[in-house]
Amino acid sequence: MKYFALTICFSITTAVYGQEMHLFSFDIDGGFTQPVGNTGRHLNEGWNIGGGAGINFNSYLGAMVQVGYNSFGINGATLNTAGFPGGDVHIFSATLDPIVHLNPHGHLDVYLVGGGGLYRRQVEFTQPSIATVTGFDPFFGFFQAAVPTTEILASYSVNKPGANVGAGIALGSKWHGKFFAEARYHHIFLGSGHTDFIPVSFGFRW
């Protein structure tokens, strides 16, 4: 009886542990970002990084809390109109995104993802500059040097809600996770000056 009870306890523990191993999900990613629509007429192609954590309700359905960062350069025509020599746009996002897996048990999974949350868009107009720094060397002592830097001429930011929708493919690996590639369409609700962009990201989810 003791042996039978221990066997049952071990089986239950193993089953619960196996479920817990697949209950939560994490990912990291990065790639390039394409501004689209009216946004594409003002910004150059940029880059992105991100990560997230979530829960799997079952093999097919889950939800992720994801944070992302997208960076773009302002194009030459827009800078000439604004009268600045340089500029960048940075977008931070924190979203809640349901995810639906179409083939979760296969070596190759196709999934749909989308959701919404808070977006922060920061715009900076800049110009090249020179900064003087003080250094120290045991032989030469203290010295000053001029180094190139970027001076911020104007900066402003705004926090607004936004939404995203997209799809991806995930390829299984021997590390109990999957490499994935996905593309999403993001829309920030800014009235007439709304912002639209499509990050194409490559990452690993486990």
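Visitor: Leaving aside its neighbours within four places in sequence, which residues is Thr33 in contact with?
Guide: In this predicted model, Thr33 is in contact with Glu45, Gly46, Trp47, Asn48, Asn70, Phe72, Phe197, Ile198 and Pro199, once neighbours within four places in sequence are set aside.

Visitor: Where does Thr33 lie, and is Thr33 buried or exposed?
Guide: Thr33 lies in strand S1, which covers residues 24-35, and Thr33 counts as buried because its relative accessible area is 0%, where the cut-off is under 20%.

Visitor: What does the side chain of Thr33 make a polar contact with?
Guide: The partner is the side chain of Asn70, at 2.7 Å.

Visitor: Switching to pockets, how much space lies in the largest pocket, and which residues lie nearest its centre?
Guide: The largest pocket holds about 750 Å³ of space, and among its 24 lining residues His22, Asn56, His176, Lys178 and Trp206 lie nearest the centre.

Visitor: And where does the largest share of that lining of the largest pocket come from?
Guide: Strand S1 gives the largest share, three residues, while helix H1 (2-21), S4 (86-101) and S6 (141-172), like S1, each supply at least two. By class, the lining of the largest pocket has nine nonpolar, twelve polar and three charged residues.

Visitor: Where does pLDDT stay under 50?
Guide: That is the case over residues 1-21, for which the model has zero contacts beyond four places in sequence. Where pLDDT is low, the predicted coordinates should not be read in detail. For the protein chain, the mean pLDDT is 88, with 89% of residues at 70 or more.

Notes
Residues are numbered from 1 along each chain as its sequence is written. This is a predicted model: local features need pLDDT of at least 70, side-chain atom pairs count only at pLDDT 80 or more; totals for chains, interfaces and linings use all residues. Side-chain values use heavy atoms; hydrogens and water are left out. pLDDT is the predictor's confidence in each residue, from 0 to 100. Contact means heavy atoms within 4.5 Å. Helices (H or I, at least four residues) and strands (E, at least two) are DSSP runs, numbered from the N terminus. Buried means under 20% relative accessible area, exposed over 50%, partly exposed in between (1.4 Å probe, protein chains only). A polar contact is a pair of N or O atoms within 3.5 Å; within protein, one must be able to donate a hydrogen and the other to accept it, and residues adjacent in sequence count only if both atoms are side-chain atoms. On a 1 Å grid over the protein atoms alone, a cavity is a set of points where a 1.4 Å probe fits but cannot get out, and a pocket is an open set with protein on both sides within 12 Å along at least five of seven lines; lining residues have an atom within 4 Å of a point. Grid points are joined across faces, edges and corners, and a volume is the space filled by probe spheres set on the points. Ala, Val, Leu, Ile, Met, Phe, Trp, Tyr, Cys and Pro count as nonpolar, Asp, Glu, Lys and Arg as charged, and the others, Gly among them, as polar.
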